[in-house]
Number of protein chains: 2
Amino acid sequence: MAPDLRSDKTDDLILGSLSADGRRSFASIGLEVGLSTAAVKRRVDRLRRAGVITGFTVLIDQKRLGRPIEALVELHTDGVLGVDRLRRALGPIAEIVEAVTVTGDADTIVRLVAADTDRLEAAVQALRAIPSVRKTETNIVLSHLVTRSATAF
Amino acid sequence: MAPDLRSDKTDDLILGSLSADGRRSFASIGLEVGLSTAAVKRRVDRLRRAGVITGFTVLIDQKRLGRPIEALVELHTDGVLGVDRLRRALGPIAEIVEAVTVTGDADTIVRLVAADTDRLEAAVQALRAIPSVRKTETNIVLSHLVTRSATAF
DNA sequence: GTTGAAAATGCTAGCCG
DNA sequence: CGGCTAGCATTTTCAAC
């Protein structure tokens, strides 16, 4: 991994601005944080090169795109299943939005978004069909309490 | 909720483009999807008005910003704790990045990012201090297998 | 870090099919 | 729904301080 970047309060302000609106102009950010347009651009470029900023993206309301069902599925797997193989196994399942491995009871937590319960079930079946997945536990997301920032890891 | 938007294949392409790079120009998206700059802008404006696009944001690598620890904490709560009160209780805890209520064993799942284990512990203590939180289970995130899109709900 | 300037690119609105 | 054009804003890269 590249070395960490020392980022100051101004960088935090810029990142905050861009979190709130990723398409904001450097000029307008500069007004807010007290820098010139050129200075803001230099900092953003530097944060990109340093890997702090990994990209920009659009926020999409999946419900309005016809995928109203969100679920978190815990995967309990055999020890033999490596991270790379698991990643490849998850790849083809279109409903998967995110997946992480964790310590504790479950081994992996998969987040998925589906158009209806049939597709949710099909996706969960696909998860169960992965070799060395012993057990799944599906939790439907009922409501979103906090969504503070889009983070990439 | 506003009525759903009928979105076609072109909209999907545009959303895909913007997912990959939220700052991409309408002209460059237009080249990809076979539309003029203005036509792309009109579609993006429409997707925004329809609530499909809820915003744009920057993707930040928290590790490089000095917050290398990510955890998912399951909250088991009493029935008396309403969504609004829970939301207010979570608000002041800076480490919280996301929180959802779910069906199943746990009632709420909180995702947080911390600078070190001390701060993680402090954040978990703060969660335990919320009235009617009976029990917490903390799972440290080990690796990210899939991060397909940043979604807002 | 700043400013200012110039060229390229991007955005937006109006008009038309 | 689309394309086009014209005017304006922004980005980007300079040089100079």
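A polar side-chain atom of Arg43(A) sits 3.2 Å from a phosphate oxygen of DNA strand C. That makes a handy way into this predicted model, where local features need pLDDT of at least 70, side-chain atom pairs count only at pLDDT 80 or more, and totals for chains, interfaces and linings use all residues. Residues are numbered from 1 along each chain as its sequence is written, chains are lettered from A and ligands numbered from 1 in the order in which they are written, and side-chain values use heavy atoms, with hydrogens and water left out.

**Around the DNA**

Here are the phosphate distances for strand C.

| Side chain | Distance to a phosphate oxygen of DNA strand C |
|---|---|
| Arg23(A) | 2.9 Å |
| Ser36(A) | 3.1 Å |
| Arg43(A) | 3.2 Å |

Helices here are DSSP runs of H or I with at least four residues, strands are runs of E with at least two, and both are numbered from the N terminus. The largest share, 4 residues, comes from α3(B).

In total, 13 residues surround DNA strand C, and Arg23(A), Ala39(A), Arg42(A), Phe26(B) and Lys41(B) are the closest. "Near" means that one of a residue's heavy atoms lies within 4 Å of the strand.

**Where the two chains meet**

How many residues does each chain bring to the contact? Chain B brings 69 and chain A brings 68, with contact meaning heavy atoms within 4.5 Å. The size of an interface is often given as the accessible area lost when the parts come together. For chain B and chain A, the buried area (accessible area lost to a 1.4 Å probe, summed over both parts) is about 6900 Å², and carbon and sulfur atoms give 55% of that.

The rule finds 2 salt bridges across this interface; each needs a side-chain nitrogen of Lys or Arg within 4 Å of a carboxyl oxygen of Asp or Glu. One of them links Glu98(B) with Arg111(A), whose closest N and O atoms are 2.5 Å apart.

Strands also cross between the chains. Strand β1 (residues 53-61) of chain A runs antiparallel to β1(B), joined by 7 bridges, and Gly55(A) has Leu59(B) as its bridge partner. Strands count as paired if DSSP finds at least two bridges between them. Strand β3 (residues 96-102) of chain A pairs with β5(B) over 5 bridges, again antiparallel, with Val100(A) opposite His144(B).

Definitions and conventions:
Buried area is the accessible area (1.4 Å probe) that two parts lose on being put together, summed over both. A polar contact is a pair of N or O atoms within 3.5 Å; within protein, one must be able to donate a hydrogen and the other to accept it, and residues adjacent in sequence count only if both atoms are side-chain atoms.
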